[in-house]
Amino acid sequence: AEGLFAFLLVLGVTAIIVVQTDYFRRYVREKIVSSTEDATGGRVEIGSFSFDVRHLRAVVTNFVIHGTEPAGAAPLLSASRVELDLSLFTSLKHLVDVTYLGVEKPRANVMVFDNGRTNIPGPKQKSTSNTTALETVVDLAVGHFNLSNGLLAFNSQHHQFDLQGTNLHAELWFNALRQSYAGQLVMEPIYVVSGRNTPVRFRLTLPITLEHDRVLIKNAGITSDASNIAIS
């Protein structure tokens, strides 16, 4: 028993030393880039990666995914900062739990070209899993998700349609008993322009619940100066 305790102690000390080295940070950074590129098919850039052992906090800055947009255009996705807080040995089922995921200043730029194609690339490797994307998100069981100061731009050259939303804020909390997320997404203002028509400005409020097999929307609202739409 004493030998096992000594071994675990040495193993723990070694792990703490390793995760603070430049080699570990470079390895994780490269792994994030390669995994994201395989999953999305885009070209990924990361400014920096750091890991705080004391608080079990990982931080990625200047995260960018380039799609098939032309040179000089804004990238498909970007975020100035992504923070991940972890908790160890919270249960026998989950040795590592994600207690918090925060994304600051996310930017999404979706483009539709004259031929109908978009700047969204396809994954390099097709998934062989039967698990849906929604099931994967719920199974992650992220305790608290927070997205702040986001911006969404959608431009369709084919249909002469432009949409741009700023001040996007999304917050979700995980309910362990129900195995689901509940929260709200708010974006204001959102500008929509279609052809030569006058631009329309409105606010989106979206209370949402994510479960393994469905997405529930209750009392969502799309509001402009002249109208209000309620959605459930």
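Biologist: In which strand does Val-59 lie?

Modeller: Val-59 belongs to strand E3, residues 57–66. Strands (E, at least two residues) and helices (H or I, at least four) are DSSP runs, numbered from the N terminus. This is a predicted model, in which local features need pLDDT of at least 70, side-chain atom pairs count only at pLDDT 80 or more, and totals for chains, interfaces and linings use all residues. Residues are numbered from 1 along each chain as its sequence is written, and side-chain values use heavy atoms, leaving out hydrogens and water.

Biologist: Is Val-59 buried or exposed?

Modeller: Buried means under 20% relative accessible area, exposed over 50%, and partly exposed in between (1.4 Å probe, protein chains only). Val-59 has 10% relative accessibility and therefore counts as buried.

Biologist: Which residues is Val-59 in contact with, leaving aside neighbours within four places in sequence?

Modeller: Contact means heavy atoms within 4.5 Å. For Val-59 the partners are Ser-48, Phe-49, Ser-50, Arg-81, Val-82 and Glu-83. Phe-49 is 10 residues away from Val-59 in sequence, with 5.7 Å between their C-alpha atoms.

Biologist: How many Å should helix H2 span?

Modeller: The expected span is 1.5 Å times one less than the number of residues. H2 (residues 22–40) has 19 residues and so should span 27 Å, which agrees with the 27 Å between its end C-alpha atoms.

Biologist: Which residues in H2 are buried?

Modeller: They are Phe-24, Val-28, Val-33, Thr-36 and Glu-37. Glu-37 has a relative accessible area of 18%. Not counting residues up to four places away in sequence, Glu-37 touches Gly-42, Arg-43, Val-44 and Lys-124. Just after H2, Gly-41 takes a positive phi of about 85 degrees.
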